[in-house]
Amino acid sequence: MKIGFIGLGNMGAPMAVNLANAGHEVTGFDLVASAPEGVTQAATLLDAVLHQEAIITMLPNGEILRDVAANVIDGMAPNTLFIDCSTVDVGSARAVAELITALGHDVVDAPVSGGTVGAEAGTLTFMAGGRPEAFARAAPLLDIMGQKAVHCGDAGAGQAAKICNNMILGITMIGTCEAFALADKLGLDRQAMYDVVSTSSGQSWSMTTYCPAPGVGPTSPSDNDYKPGFAAELMLKDLDLSQQAADEAGAATALGKMAAEMYRAFVEGGGKGQDFSAMLPHLSKVER
Ligand code: NAD
C-alpha cells in the first residue's frame, strides 16, 4: 500500500519503519524529526497525504490531531483509510472521525499499548474504534505494527478503552506503591511482601509484572534506576484524559481523580522523565 505517516517521534518512527520493512511504500512527515531509513521524506504535510491509500498519524495530543486532520482533508485521495494511533481525548477522536467520514473516507482510532519497545519490535496492542469495514481495512496494517488489535466499537471506542485501562493502571500502581511504603514502615521484608501479594487477592499487573520495588519480581524499570519504560508524565497525560472523559460523561471516578492529582504532584516535584513506578521512592519520602 501507499501510506502517508504523520508524526515520526519515539513511537511513530519505528512503526513507520516496520510498515516499510513489510513492503509498503511509506512517505513520512514530521514538524521536527526527519524520516527514518526506509521511509521517504515528504517536504510538506500535504506531500505526505497526496495520492496515498492510507494515512497514519502518531501525534502528541487531540488539538494537534484535529489541526492536522483539518489540514490534510482536502488533499486526501477518494476512499482513503485514515488511522490515528495517537492517544487523544475521546471528543477529538470522534470529531476527527466525523469530519473525515463525512467525505466518504474510512477512519479508525487505534491508540496503542506497549511503548517504544513494542513499537520497535512490532508487538504493540491496538484498541480500535470505527465502523467494522474500516477496522477490517486497517487490520492488516495494525498486524504489522502490533501483535494484537481489538475492535472495541464505534469511533472513539479505542480511545475510551485506552484511558479506562490506563486509569486502572495508574490507580493500581499507586496502591501497590503505597502498600510497599507501608510495609517498609511496618518492617516487612519487600521480597516477603511480593511473594504473598503476587499470589494473593492484592495482586495486579503493577505488582506481578512491573513490580515498583527494585530487586523484587521480574525485571522492570525499578531495576534500571526507574528509567522509563512508561514515563510518569505520560501516565499523567492519560489520567487527565480519563478525568476529562469522566467530566464529559458524568462518571464518578474519585480514585482516578486522586491518581491524577498524585501523579501531577510527582511529575511537577521532579518525577518528570522517570518511570511511573518511581511513585514508590516518591511516596516513601512523603509524610503522612
Ligand atoms: P513524540 O513527542 O516522540 O512524537 C510526536 C511527534 O509528532 C514529534 O516528533 C513531533 O515533532 C510531531 N508533531 C507534532 N506536531 C506535528 C504536526 N502538526 N505535524 C507533524 N508532526 C507533528 O511522542 P511519542 O512518544 O511518539 O508519542 C506519540 C503518541 O503516542 C502520543 O499521543 C502518546 O501519548 C502515545 N503513546 C506513547 C507511548 C510511549 O511510550 N512513548 C506509549 C503509548 C502511547
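Let's start at the ligand: one of its oxygen atoms lies 2.6 Å from a polar side-chain atom of Asp30. This is a predicted model, in which local features need pLDDT of at least 70 and side-chain atom pairs count only at pLDDT 80 or more, while totals for chains, interfaces and linings use all residues. Residues are numbered from 1 along each chain as its sequence is written, and side-chain values use heavy atoms, without hydrogens and water.

| Residue | Protein atom | Distance to a ligand oxygen |
|---|---|---|
| Asp30 | polar side-chain atom | 2.6 Å |
| Leu59 | backbone N or O atom | 2.8 Å |
| Met11 | polar backbone atom | 2.9 Å |

On its own the ligand has 830 Å² of accessible area (Shrake-Rupley method, 1.4 Å probe), and the protein covers 84% of the 830 Å². Around the ligand are 22 residues, each with a heavy atom within 4 Å of it; Asn10, Met11, Asp30, Leu59 and Lys237 come nearest.

Now for the interior. A nonpolar core joins buried Ala, Val, Leu, Ile, Met, Phe, Trp, Tyr and Cys residues through side-chain atoms within 4.5 Å, where buried means under 20% relative accessible area (1.4 Å probe, protein chains only). The largest such core has 31 residues, with Tyr263 and Phe276 making the most contacts inside it. Helix α6 (157-185) is among the elements that each supply at least two residues, and its seven residues are the largest share. Helices here are DSSP runs of H or I, at least four residues in length.

Leaving aside neighbours within four places in sequence, Phe276 is in contact (heavy atoms within 4.5 Å) with residues including Leu169, Met173 and Tyr263. A second, separate core of 30 residues includes Ile3, Val26, Phe126 and Ala134.

Methods
Buried means under 20% relative accessible area, exposed over 50%, partly exposed in between (1.4 Å probe, protein chains only). A polar contact is a pair of N or O atoms within 3.5 Å; within protein, one must be able to donate a hydrogen and the other to accept it, and residues adjacent in sequence count only if both atoms are side-chain atoms.
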